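Notes below are in the order I looked things up.

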Amino acid sequence: MSDIFGYIEKYKSCTFDIEEFNDIDNLVLSRLAYIDFNNCTDALLKDAAKIILNNVSEKQKNKMQRCTYRLLEMAGKSLRYGNIIISDFTNETDDSKYSFSAVTFKLSGKTSYIAFRGTDDSMASIYEDVAMSNEFPILSQTKALDYIKDYCSHNSDRFYIGGYSKGGNLALFSYVFANETIRDKMIKVYNNDGPGFPKEYSVLYSDRISFDKVKFIAPKDSIVGRLMFFNAQYTIVESKAHLIKQHNVFTWKTENNKLKNTSDFSLTSDILDNFISSSLNSIDSDELSVVNFYMNNIIDKFNLSHKQDIDTNVFFKIVRFTLKNKETLIPRKLLTDLSKAIAKGFVSTLHQLV
């Protein structure tokens, strides 16, 4: 059984004119959105890859980044991806408010793939992940829609749109809230194991989602990709990993030019989805906003910009600060309600099992 690296190796000589764009190509480009293409505007992917890889040291890479740079190297050397033109790269972060990044990959002919980056290492990005459960829209969602509008204002191309994790959510938001003229230009919308919208909005806007155009892809043990979704139709993918590690697209299995599909989510995925959904549904949005307030205070107090800023020393400082100011930061009622919500989710999950 192969993966996306094996797919690139096998189809590296096939242009999009020979082998049309498919779900695996979508995964490749949605993951390449995590690369900083800041100095590569209008460059070919093969040229951008050389520039970027020559300026990145091994010390700058964690395991996921090493896989992403390997993906860039293989894609850049291939005939299939090497002549893709990179355009309209943007990367914005505003302290603890939002983190947004997008890039357009111009494919052969008058067709493009617009990729939104998901959660990165910035605290702003992590804050938005938490805020998504009760804030709507979050800033990066409106930024994504603005990006699409701007693209369509100076391009007549039809395009795919997608992203991985939170990036998939941004693609979905852009599709749902774009006008009909823009939606007609979208060939396919990909949400690759990304979350949905808070329940009240999912129900409200579900009639705007055409499953002929929107594709939800998630691994068998998916957790993230099932958050805040109601009645979504999934393409379920087999993975070489287990549990939350399946969120890593590099573990997803491929078979020739297709993802290796399976018919159902695992029991583990069903149990966790039921538990998390039941718990979230038991907490009102005002209480969840207190959690956002707490995170914002911690980020500002300790001047946190990236996950790497939280070492052991800073972690214990955060714990001491929280305990000292717990009544101000986290009201007792919220702790009680959170405990009740978790208990309700646990009971609901037990009922499912029985």
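Predicted model: local features only at pLDDT ≥ 70, side-chain atom pairs only at ≥ 80, totals over all residues.

**Whole chain.** I counted up the secondary structure and got 15 helices and ten strands. The chain has 354 residues, and 50% of them are buried. I also checked contacts with a separation of 6 or more: 73% of them link residues 24 or more positions apart.

Next I traced the strand order. I found an open sheet of eight strands, running β1-β2-β3-β4-β5-β6-β7-β10, and the pairing is mixed. I then zoomed in on β2 (residues 98-106) and β3 (residues 111-116), which run antiparallel and are joined by five bridges. In that pair I spotted Phe105 standing opposite Tyr113 in β3.

**A helix on the sheet.** Helix α8 (residues 166-177) packs on the sheet, and I listed what it touches: β2, β3, β4 (158-164), β5 (186-192) and β6 (214-219). The direction of α8 makes about 145° with that of β5.

**Ser140.** I looked up where Ser140 sits, and the answer is helix α7 (residues 139-153). Is Ser140 buried or exposed? Its relative accessible area is 0%, so Ser140 counts as buried, the cut-off being under 20%. Setting aside neighbours within four places in sequence, I found Ser140 in contact with Tyr98, Ser99, Phe100, Glu128, Lys166 and Leu170.

Definitions and conventions
Residues numbered from 1 in each chain as written. Heavy atoms only, no water. Pairing = 2+ DSSP bridges. Helix = DSSP H or I, 4+ residues; strand = E, 2+ residues; numbered from the N terminus. Contact = heavy atoms within 4.5 Å. Axes fitted to C-alpha atoms, helices over the stretch in contact; angles between N-to-C directions. Buried < 20%, exposed > 50% of the residue type's maximum accessible area, 1.4 Å probe, protein only.
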